[in-house]
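Have a look at it first, then read on.

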Amino acid sequence: MTGVPIYHVLALSGGGYRGLYTATVLAELEAVMGRPIASHFDLICGTSAGGMLALGLAAEIPAIELKGLFEKQGSRIFGCRSLARRLLGFWLTAKHDAAGLQGVLEERFKDATIGSLKHRVLVPAVNYSTGRGQFFKTPHHPSFEMDHRMKIVDVALATAAAPVYFPLARNDRGVFADGGLVGNAPGLFGLHEVNTFLAPNQNALVRVLSIGTMTIGATVRGGASLDRGFGKWRGGLFDLVISAQESSVDYMLRQSLGSNYFQIDDKATPDQSKDVKALDRVSIGATNTLKDRGNHAAQRALGDPLFQPFRAHQAGAPIFYHGPNKNVPEAAC
């Protein structure tokens, strides 16, 4: 493999409060590796809760601190509205106000921008103003000239605006809905990003490490009604979208990359599924299950030979073409 460029992609799935599982895995891996986990990857992709984690890792916020944001601020992030608003159910308003999430993000990231990040990121969202997927990125290609000016808080709110659960997010670029609608497991986007923008026509060796959120396959019971309006679907429709996407992406990456694809995820037991089935359930049971399974998943990965290349890889310093971390002469742009 001498002379073949090697790129490692970290892909973090969305899953609401179940992002605590992902954060626990990251914290345990980082503790063992002894340096920022972002330094092992050439690109970090994250959707929704995974997008918030990706932005934090790219800013070199310790993973243990990101884990603490979920564990300590979960009730604030997924705080319910007033009783009067809740009585409206899912019919007229989102289940949760975005104020709690925005407050947590602003306290941690303040006015920092995408251009201030130290590592390459890709964060999917859906631009409801255009009806298309939108991918917020660091300026790691000459054509990426706008996103570096965006506040990290605005990007995080855009990718995490889960339909029914949170209101849509508006910023200077439009109105946005959760990135899980276009790609809850962003590993394929990462693979495309490397082959198209980071190493085009180079036959690069790309490895993808995907970390899930104990996503539970959204299924229908045998005796359930098949004639469903919005009152029956409610949040289940979004759950089905992300569940179907994750399984499809996992299949395609396994087919495309073989042993160069490694997934860390767990299936909840029937008892545990009662704790973690809902994206927004913040409870002692959910917290304990997500942390316990995340700790075990990290231990399992560290002992797997297929994980070792990710542990050994040292990513090169990223090239940024615009923004405060620009490190390319003007002529080269």
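Leaving aside its neighbours within four places in sequence, which residues is Ser48 in contact with? Gly14, Thr159, Ala160 and Asp178 are the ones. Keep in mind that this is a predicted model.

## The chain as a whole

Let's zoom out for a moment. The protein chain has 333 residues, and 52% of them count as buried. Its secondary structure comes to 13 helices and 8 strands.

Take the contacts between residues at least 6 apart in sequence: 77% of these join residues at least 24 apart. As for surface, the chain exposes about 15000 Å², with carbon and sulfur atoms supplying 53% of that.

## Ser48 and Asp178

Back to Ser48 and one of its contacts, Asp178. UniProt lists both Ser48 and Asp178 under "active site", though the entry is unreviewed.

For Ser48, that's the loop between strand 2 (43-46) and helix 2 (49-58); for Asp178, it's the loop between strand 6 (174-177) and helix 7 (180-183). Ser48 has a relative accessible area of 8%, so it counts as buried, the cut-off being under 20%. Asp178 is buried too, at 1% relative accessibility. The side chains of Asp178 and Ser48 make a polar contact at 2.8 Å.

## Aromatic pairs

Now for the rings. The structure holds 8 aromatic pairs. One of them joins Phe144 and Phe197, with 5.0 Å centre to centre and 65° between the planes. Why call that pair edge-to-face? Because planes over 60 degrees apart count as edge-to-face, and these are at 65°.

Phe144 lies in the loop between strand 4 (132-137) and helix 6 (152-159), while Phe197 is in helix 8 (residues 187-198), so the pair ties together parts that are 53 residues apart in sequence.

Elsewhere, ring pairs link Phe41, Phe262, Phe307 and Phe310 into a cluster.

Notes:
Residues numbered from 1 in each chain as written. Predicted model: local features only at pLDDT ≥ 70, side-chain atom pairs only at ≥ 80, totals over all residues. Heavy atoms only, no water. Phe/Tyr/Trp six-rings, centres within 6.5 Å; stacked < 30°, edge-to-face > 60°. Helix = DSSP H or I, 4+ residues; strand = E, 2+ residues; numbered from the N terminus. UniProt positions renumbered as here; feature names shortened; annotations may be inferred. Buried < 20%, exposed > 50% of the residue type's maximum accessible area, 1.4 Å probe, protein only. Contact = heavy atoms within 4.5 Å. Polar contact = N/O pair within 3.5 Å; in protein donor to acceptor, adjacent residues only side chain to side chain. Areas by Shrake-Rupley, 256 points an atom, 1.4 Å probe, with all protein chains shown as cover.
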